[in-house]
Structure formats: structure tokens, C-alpha cells
Amino acid sequence: MCRSIKTLRPPVQPEEATEEEIRAAALQYVRKVSGFRAPAAHNREVFERAVEAVALATAELLDGSEVRGGAARRAAG
């Protein structure tokens, strides 16, 4: 879909994703889906709400996802 959105979960990214990284991925997604790099003034509010909703859903996904072997890797590292 959008090649510039990077994978944010371990083991691709060994540390936890930051809020900034999650928001950047959400922004890229909303830009791609909407077709707007920057929305016009009359679309700005809905654009920002979409970015926040996607960022929240992304954070919930990352927080709730279980990476098998993750605990063993953290203990060994």
C-alpha cells in the first residue's frame, strides 16, 4: 500500500514504537487513503481526527499483539 510506512512491532523494531513513530505512520496512512498531502482548511479537522483515530488503533494493536518468543529474547538480551 504505502511503502514508506515502516513496521513498528518487534522483532522488526526491537524497542517499543514511540508515540511519534505511531503518529507518523498514521499520518502516512491517512495521506495515502485521502490523496491529500496536506488537507485544505475545510478538510483539516476531519483529516486530523482520522490521523488521531488511526494512531490510537495502531497503539492498541501494538499493545495487544503478542510476539512469540519475545519474552525469551528480552530475558536473554
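**Notes on salt bridges and a pocket**

1. A search of the whole structure, which is a predicted model, turns up three salt bridges. Arg23, Glu48 and Glu52 are linked in a network of such bridges.

2. Arg23 pairs with Glu48, and their closest N and O atoms are 2.6 Å apart. This pair connects distant parts of the chain, with Arg23 in helix H1 and Glu48 in helix H2, 25 residues apart.

3. Arg23 also meets the side chain of Glu52 in a salt bridge, at 3.2 Å from N to O. Here 29 residues separate Glu52 in helix H2 from Arg23 in helix H1.

4. How accessible is this network? Arg23 is partly exposed, with a relative accessible area of 31%. Glu48 is likewise partly exposed, at 32%, and Glu52 counts as partly exposed at 42%.

5. Glu45 forms a salt bridge with Arg49, the closest N and O atoms lying 2.9 Å apart. Both sit in helix H2, and because they are four residues apart, about one helical turn separates them. Glu45 counts as exposed at 58% relative accessibility, while Arg49 is partly exposed at 47%.

6. Do look at the second largest pocket too, with its volume of about 170 Å³. Of its 13 lining residues, Lys6, Leu8, Thr58, Leu61 and Leu62 are the closest to the centre. Helices H1 (19–34) and H2 (44–64) each contribute at least two lining residues, and H2 gives the largest share, four residues. By type, the lining comprises eight nonpolar, three polar and two charged residues.

Conventions. Residues are numbered from 1 along each chain as its sequence is written. This is a predicted model: local features need pLDDT of at least 70, side-chain atom pairs count only at pLDDT 80 or more; totals for chains, interfaces and linings use all residues. Side-chain values use heavy atoms; hydrogens and water are left out. On a 1 Å grid over the protein atoms alone, a cavity is a set of points where a 1.4 Å probe fits but cannot get out, and a pocket is an open set with protein on both sides within 12 Å along at least five of seven lines; lining residues have an atom within 4 Å of a point. Grid points are joined across faces, edges and corners, and a volume is the space filled by probe spheres set on the points. Ala, Val, Leu, Ile, Met, Phe, Trp, Tyr, Cys and Pro count as nonpolar, Asp, Glu, Lys and Arg as charged, and the others, Gly among them, as polar. A salt bridge is a side-chain nitrogen of Lys or Arg within 4 Å of a carboxyl oxygen of Asp or Glu. Buried means under 20% relative accessible area, exposed over 50%, partly exposed in between (1.4 Å probe, protein chains only).
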